[in-house]
Amino acid sequence: MPELENIARLALIRKLSDGNYHSGRQLRQEMGMTRAAILNHVKILRTWGLDVFLVQGKGYCLSSPLDLLDEVRLKVQLNVPDFSLIPVIDSTNQFLLDRIDQLVSGTSCLAEYQESGRGRRGRVWFSPFGTNLYLSIYWRLNTGMAAAVGLSLVVGISMVETLEKLGAKDIKVKWPNDLYWQERKLAGILVETRGQVGDVTHCVIGIGLNVAMTETSEVNQDWVNLIKTSSTLPDKNTLAVALINGINETLHEYESTGMKGFVDLWDKYDNFYGKPVKLLLGERKIKGISCGINDKGELLLETEVGITSYIDGEISLRSDL
């Protein structure tokens, strides 16, 4: 029953996605619903983060048009072995993790809305419907668990390069898993792995990219939308295709070169390179100058005792200015 209800809600969203007013009578006739059913669906859409308005004498409308993902178009343009577009999902990462033994490297999943989107360290990733991009990619690493350390870094580099080609400017990477623009968070990357040390490692790489999200109190840090970075960005389908295809190409390259092939690129795009920072390591605070990364993907920090490397874990990097 919930799946059937979601099909009806998605049909309602498609009707409203043009941003125009649609009368209640028109919607009831076209969708074969009662007034009460439409009202109930609208209440759910609002919990999904959609601003649905009802104006007396005009009908229902969204606060702005929606740029929706198109499965047919994506299938034609994606260079991946398989992909799923599931508009409403618990988590794109979890969807792939639940099927991990059946997947081929490059298999991807896209969604319009995540009910249980995940960030690092168990945080919730706020995932309102249709305004951002939520995707996950599966990758099999035959070289073992150690190689997984650099995945979020090379994916971040790939995303910056792709977004630059699409017209975005001045996007930076923040170690180990964020994209920034003018000191505000633009995207996050979450890598989840399955496997044993010395054996094949199964990796699911989740990406949340802010595209055109409306103001919200759900996010407790400074953030920014991709539409702020350029006036010439393409539609969301073109964006998704470019990012996924670009990441697949980058991961094939990573398998050949390892992290060594990406250190210089990281330094080029590093938001904090050469700047004073503080590293939050559990309860400890370590201050120093950020010196980029080494060929293992570890953060290099220059302190009074010299340059020390730090690996991912319970670590947060912040500006010390």
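Analyst: We begin with a definition: buried means under 20% relative accessible area, exposed over 50%, and partly exposed in between, with a 1.4 Å probe and protein chains only. Helices (H or I, at least four residues) and strands (E, at least two) are DSSP runs, numbered from the N terminus. This is a predicted model, in which local features need pLDDT of at least 70 and side-chain atom pairs count only at pLDDT 80 or more, while totals for chains, interfaces and linings use all residues. Residues are numbered from 1 along each chain as its sequence is written, and side-chain values use heavy atoms, with hydrogens and water left out.

User: Which residues of H3 are buried?

Analyst: An α-helix has 3.6 residues a turn, so residues three or four places apart point the same way. In H3, the buried residues are Ile 38, His 41, Val 42 and Leu 45. They lie on the same side of H3 because they cover an arc of only 105 degrees around the axis; the arc is that of the directions from the helix axis to the C-beta atoms. The face turned away from the buried side of H3 carries the exposed residues Lys 43 and Thr 47. After H3 comes Gly 49, with a positive phi near 95 degrees.

User: In what order do the strands of the open sheet lie?

Analyst: Two strands pair if DSSP finds at least two bridges between them. Here 7 strands form an open sheet with mixed pairing, in the order S3-S5-S7-S11-S10-S9-S8. Strand S3 (83-85) and strand S8 (171-174) are the edge strands, each pairing on one side only. S7 and strand S11 (residues 201-209) run antiparallel and are joined by 9 bridges; Leu 141 stands opposite Thr 201 in S11.

Helix H7 (residues 236-257) packs on the sheet, touching strand S5 (108-111), S7 and S11, and its direction makes about 20 degrees with that of S7. Axes are lines fitted to C-alpha atoms, for helices over the stretch in contact, and angles run from 0 to 180 degrees between N-to-C directions.

User: How many residues lie between S8 and S9 in their hairpin?

Analyst: The hairpin of S8 and S9 has 3 residues between the strands, which pair in the antiparallel sense over 4 bridges. Val 173 stands opposite Leu 179 in S9. S9 and S10 also pair in the antiparallel sense over 4 bridges, and their hairpin has 2 residues between them, with Gln 182 in the turn at a positive phi of about 50 degrees. Leu 179 stands opposite Ala 187 in S10. From S9, Asp 178 and Tyr 180 point one way and Leu 179 and Trp 181 the other, and all are buried.

User: Is Asn 132 buried or exposed?

Analyst: Asn 132 has a relative accessible area of 1% and is therefore buried. This residue is found in the loop between strand S6 (113-114) and strand S7 (133-141). A polar contact is a pair of N or O atoms within 3.5 Å; within protein, one must be able to donate a hydrogen and the other to accept it, and residues adjacent in sequence count only if both atoms are side-chain atoms. The side chain of Asn 132 makes such a contact with the side chain of Tyr 134 (3.4 Å) and reaches the backbone nitrogen of Val 211 at 3.0 Å.

User: How does Thr 193 count at 27% relative accessibility?

Analyst: Thr 193, found in strand S10, counts as partly exposed because its relative accessibility is 27%.

Note on methods
Contact = heavy atoms within 4.5 Å.
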